[in-house]
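Student: I would like a close look at one part of this model, the metal site, and at the helices that go with it. Please take it step by step.

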Amino acid sequence: MISNLDFYNPVRLVGGPGCLKNYTGWRNFGRRCIIICGKRSARASGALADCEQGLKSAGVDYIIFDRIEPNPLLSTCFESGKKASIFGAEFVIGIGGGSPLDAAKACAMFALNPDLAPIDIFAKSAELSALPIIAVPTTAGTGSEVTPYSILTVPEIENKRSFSSEKTYPKVAFLDPAYTYSLPDAVTASCTADALSHAVEGYFSLKANTLTDALAEKATVLLSGGLRRIAAGDKTPGFRADMLYGSTLSGMVISRTGTGFVHACGYMLTYHQGIPHGHANAYFLADFVGLMAEKSPERAKNILSACGVDAPQGLHELLAQVLPLDFQADAGTLKKYAAVAAASKNCKNTLRTVDEAELLSVYTKNCGVR
Ligand code: NAP
Ligand code: ZN
């Protein structure tokens, strides 16, 4: 068991009601900072106000860049980095869902490398410096608060692309479930599906080990239970806390394991059809488990049991209860998506690898015109 253990995650986790509001250590990171957020959620959740209050009390000067769009554009992140550089920011605070958190990581890197050609961040991230990052999630989904990954939209390649670096792990993540109370139902469901897909994909990764398995199993129980609670209309603080905990555990899993073909396939639906990230993943998760079962029936049995179902179809039905899985596209479109998804390294990252023809079957089964 312990022989294959290899785990590292340098993010300090501070959680619970008021954890951001009551934080007094801001000056440890510097005297000037930039806050990165989206147009509404940082304010709607109350997180921005709590953060501003703490910064003011600590005597930290700050600017707010509140123009991060969902599925953040590389160009927007570059612009935020320029602003941070001109302001002389010494650290970056990301407040929001995965989009602002991922953008904060890019901002932190561009701030110290303002003359970098934006596209070069993907090839050069490992050798570039970055400002310290603080993460305040307001969704329970991506786990970006505990991963080094930043996933950005690049129109030139008609897809998303990611970079990561030792430097883009947040220094501290503040987990206050109250910031997720304002989430609309559809975003809650999509984010829960995203977090569940992280746990499940990570469980079948070639890089999975004893510890990531334990995290993934615990997260899968919480998050699949969360899908049932969403279907039953649960919006209690207890539900919100469980989802935030589950999504952070899943983020810890993928910080080590990466993701599988579910994410590669989902990116196409997000980029080309505007389907939110977690919702897009939900189309493919059950078939992922079905294919992995061919190589590792024991692990498939474990994960289906953690979901409280006895077959992949049961998982599909669980997801379909809270997310409409009715997008359809013609054969030519799906062929194009399968070709792009198959070229992703995600497809080689799991116990059972998949090829383009298999991905086309998965796309056709779930999104083909019926
Ligand atoms: P998101 O794109 O950050 O946010 C989706 C929507 O929800 C936005 O309109 C946002 O508003 C709103 N919202 C967020 N928090 C809210 C709150 N508390 N109350 C009301 N509205 C709220 O969604 P996400 O699913 O968390 O993140 C998806 C992104 O993360 C994708 O780009 C995906 O590729 C990436 N991702 C990253 C990782 C990683 O490891 N780094 C892993 C998985 C996914 P605003 O626009 O106003 O903020
Ligand atoms: Zn994801």
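Tutor: The model is a predicted one. Start with two of the residues at the site: Asp194 and His277 are both buried, that is, each has under 20% relative accessible area. Both belong to the donor set of the zinc ion (ligand 2), which is coordinated by OD of Asp194 and by NE2 of His198, His263 and His277, at 2.1 to 2.2 Å. Along the sequence these donors follow the spacing D-x3-H-x64-H-x13-H.

What is the geometry of the site of the zinc ion (ligand 2)? The angles among the four donor atoms run from 84 to 169 degrees, and the site is irregular. For a tetrahedral label, all angles would have to lie between 85 and 135 degrees.

Helix H6 also packs against helix H8 (residues 237-257), with the two axes 8 Å apart and at an angle of about 40 degrees. The two helices are therefore oblique to each other. The crossing in which H6 passes H8 is left-handed. On the H6 side, the contact is made by Thr188, Thr192, Ala195, His198, Ala199 and Gly202. On the H8 side, the residues are Phe239, Arg240, Met243, Ser247, Ser250, Val253, Ile254 and Thr257.

The axes of helix H3 (residues 74-87) and helix H4 (residues 98-112) come within 7 Å and cross at roughly 50 degrees. That angle makes H3 oblique to H4. Here H3 passes H4 in a right-handed crossing. From H3, Leu74, Cys77, Phe78, Ser80, Gly81, Ala84 and Ser85 take part, meeting Ala103, Ala106, Cys107, Phe110 and Ala111 of H4.

As a last point, take a loop residue. Asp326 lies in the loop between helix H13 (312-320) and helix H14 (331-342). Asp326 counts as exposed because its relative accessibility is 54%. Setting aside neighbours within four places in sequence, Asp326 is in contact with Tyr283 and Arg370. The C-alpha atoms of Asp326 and Ser129 are separated by 44 Å, the two residues being 197 residues apart along the chain.

Key: Residues numbered from 1 in each chain as written. Chains lettered and ligands numbered in written order. Predicted model: local features only at pLDDT ≥ 70, side-chain atom pairs only at ≥ 80, totals over all residues. Heavy atoms only, no water. Donors = N, O, S within 2.8 Å, 3.2 Å for Na, K, Ca; no water. Tetrahedral: all angles 85-135°; square planar, octahedral: opposite > 155°, others 65-115°. Buried < 20%, exposed > 50% of the residue type's maximum accessible area, 1.4 Å probe, protein only. Axes fitted to C-alpha atoms, helices over the stretch in contact; angles between N-to-C directions. Helix = DSSP H or I, 4+ residues; strand = E, 2+ residues; numbered from the N terminus. Parallel < 35°, antiparallel > 145°, perpendicular 65-115°, else oblique. Left-handed = near helix turned anticlockwise from the far one by under 90°. Contact = heavy atoms within 4.5 Å.
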